[in-house]
Amino acid sequence: MKKYIPLFFALALCIYPMFARDFSMDIDSAKVFQSPNKEFLGGTDSLGRDLLQRSLVGGGVSLLICFASLILTYALGVFIGSVLSFWNRSNHLVVFMIDVFDSIPNFLLVALFSILINRGVGGQPSVISTFTTLVISIALAAWAPIARNVRLEILQLRGREYLSAAVVAGGSPLYIIRTYYIRAIWPWLRVSIVHNIPQFLLIESVLSFTGFGMGSQNATLGYLIYEGWKNALLYPHLFMIPAAILCVLIFMLTISIQDNRS
Amino acid sequence: MIKAIFDLTFKFILNVHLLLVLIFSIFYFVPGSYIDDEHIVEQVNQVVPVQKYFFFSLKEFLVDFYTLDFGVTLHNKNLKVTELIWSKTVFSFQFLGLAVGILLMASIVISFLVVRSRDRSRYLDFLRVINQIPQLVMIPLIIYLFSYLFNLVPLKFDPYSTPCHVFVIATLLIKPLGQLIQLTVEKWHKESAEMYVQFARAKGLSRNRVLVVHMFKNIANSFLGYFLAIVLQLLTGNFILESLYSVPGFGLGFMDSVSQRDLPVVIGYLFLFSSLYLALHFAVQTIYLYVNPRLRDFA
């Protein structure tokens, strides 16, 4: 239980933007480019906004996108994988198609899907539409390996005697799926989800760094690093604070998934 | 062997076509993503453009795809996207090609030295910590330290300065090299528990010979897999480095095209990166077949 504390912290940080968003956006022209001090622990940016607050909010938004896309990706992957495993006509061609889909790198696929869904680059009408676009494009790019693994896990179970016994004993399909299949794939699923959290966070950060992210109004960590770099020669804290928060998040999430026994 | 290579080639062709379908759908459904140069010539000649039917335009698009013609850029109608991307790619490849070569050689040599060393576990612990830092943080930090703080290299990329070239390659390599060494050393070290290693040592063979001739052949398969994944990181690092250090290659070109919303160029770059990755994937899979004979039957 102790090792999941970082995960709970990450979940709490997801909710943080909903409370802190307003005062992290306060513009004060008298306090621009301040170095870290007692009043502003992370200093201020070019518009006098508190950088630490902005970075924490950015981290929260990044994690929110990360978790939402994780949920959608796994829902899609598990659904397609289980349908393929129960569909008797699913043959090598289907698996081959999944392999083909899987061999294009995620970041590029997300960028392509983002253009396709968004009908262009940037300039979205609302925050929700940008958020949804990002989540859907990440999910569309990352479902393939999950579907393949779920299919393999379920296919391994299909010949087992206790499952045949459950069918003969009159167990309903829902009962069998709930009691046997989900319980059997849950260990793999749990490990895979937890391992993918830092990966998804990094994909989101690189996306927002390259300009496919949420934009300046709801800046995530990647965008803040990119923006901070423009004045890094004189004010290095502008990129160092968001970079440090990204590092801490990745460290925390990775420590929580490391197996101490190995 | 031939059947396996045929399978791989088929997979590669399918991959490229999947990409083409994706890009075709972007061209067709996203307004402004494809600007036809012939269409502009027509407009210049004040001829009213005729509405094209789907299948006619489909045929034209397919011809454009197979000739790799992505139209003209949004901001400069005289500049073809393919020419622009090609010029930037040639520039970037000078660094990337060298970096990939160094990565391959250096990772094997350094991993060998680490595996042989008695402080192996200490080095591994250090690498495990360092490798947790994402490239998005590491690259700006290195540029800030060496360029802004210690003034060892110019503030921005200078094509006529040799230290600048060395700095760019070193910054690109630092993270992928660390990761590749960590993974290879871990694999190499695990292999030493196998029976055949102990048998070879018992026969009186030297430690170096067992490490290189006997063990490396068995870990080469995993090494190639790691190498492929890590070369992809090199591409991502290239985006970040070029945009932060103003290196006029395809990374900076891609970032500029995204910020200017020049959609034809963005799509051209994405096609280039994806096909580059696929070609690399294909090459590594083919080397796999050579390294691991068992795969020849199952590929």
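This is a predicted model: local features need pLDDT of at least 70, side-chain atom pairs count only at pLDDT 80 or more; totals for chains, interfaces and linings use all residues.
Colleague: What ipTM and pTM does the predictor give the complex?

Modeller: Both the ipTM and the pTM are 0.83.

Colleague: And chain B, what is its mean pLDDT?

Modeller: Chain B has a mean pLDDT of 83, with 89% of its residues at 70 or more.

Colleague: Where in chain B is confidence lowest, and where highest?

Modeller: The lowest is helix H2 (residues 37-44) of chain B, with a mean of 58. The highest is helix H7 (residues 162-191) of chain B, at 92. Where pLDDT is low, the coordinates should not be read in detail.

Colleague: Over to the interface. How many residues of chain A are in contact with chain B?

Modeller: 34 residues of chain A, in contact with 38 residues of chain B.

Colleague: Which element of chain A gives the largest share of that side?

Modeller: Helix H9 (237-257) of chain A, with seven residues. Other elements giving two or more residues include H7 and H8 of chain A.

Colleague: How does the chain A side divide by class?

Modeller: Into 25 nonpolar, eight polar and one charged.

Colleague: Now H7(A) and H8(A). At what angle do they pack?

Modeller: At about 40°, with the axes 6 Å apart. That angle makes H7(A) oblique to H8(A), and their crossing is right-handed.

Colleague: Which residues meet there?

Modeller: From H7(A), A:Ser205, A:Val206, A:Leu207, A:Ser208 and A:Phe209. They meet A:Leu221, A:Gly222, A:Tyr223, A:Ile225 and A:Tyr226 in H8(A). By class, this contact has seven nonpolar, three polar and no charged residues.

Terms used:
Residues are numbered from 1 along each chain as its sequence is written. Chains are lettered from A and ligands numbered from 1 in the order in which they are written. pLDDT is the predictor's confidence in each residue, from 0 to 100. Helices (H or I, at least four residues) and strands (E, at least two) are DSSP runs, numbered from the N terminus. Axes are lines fitted to C-alpha atoms, for helices over the stretch in contact, and angles run from 0 to 180 degrees between N-to-C directions. Angles under 35 degrees count as roughly parallel, over 145 as roughly antiparallel, 65 to 115 as roughly perpendicular and the rest as oblique. A crossing is left-handed if the near helix is turned anticlockwise from the far one by less than a right angle, and right-handed if clockwise. Two residues are in contact if their C-beta atoms, placed from the backbone, lie within 7 Å. Ala, Val, Leu, Ile, Met, Phe, Trp, Tyr, Cys and Pro count as nonpolar, Asp, Glu, Lys and Arg as charged, and the others, Gly among them, as polar.
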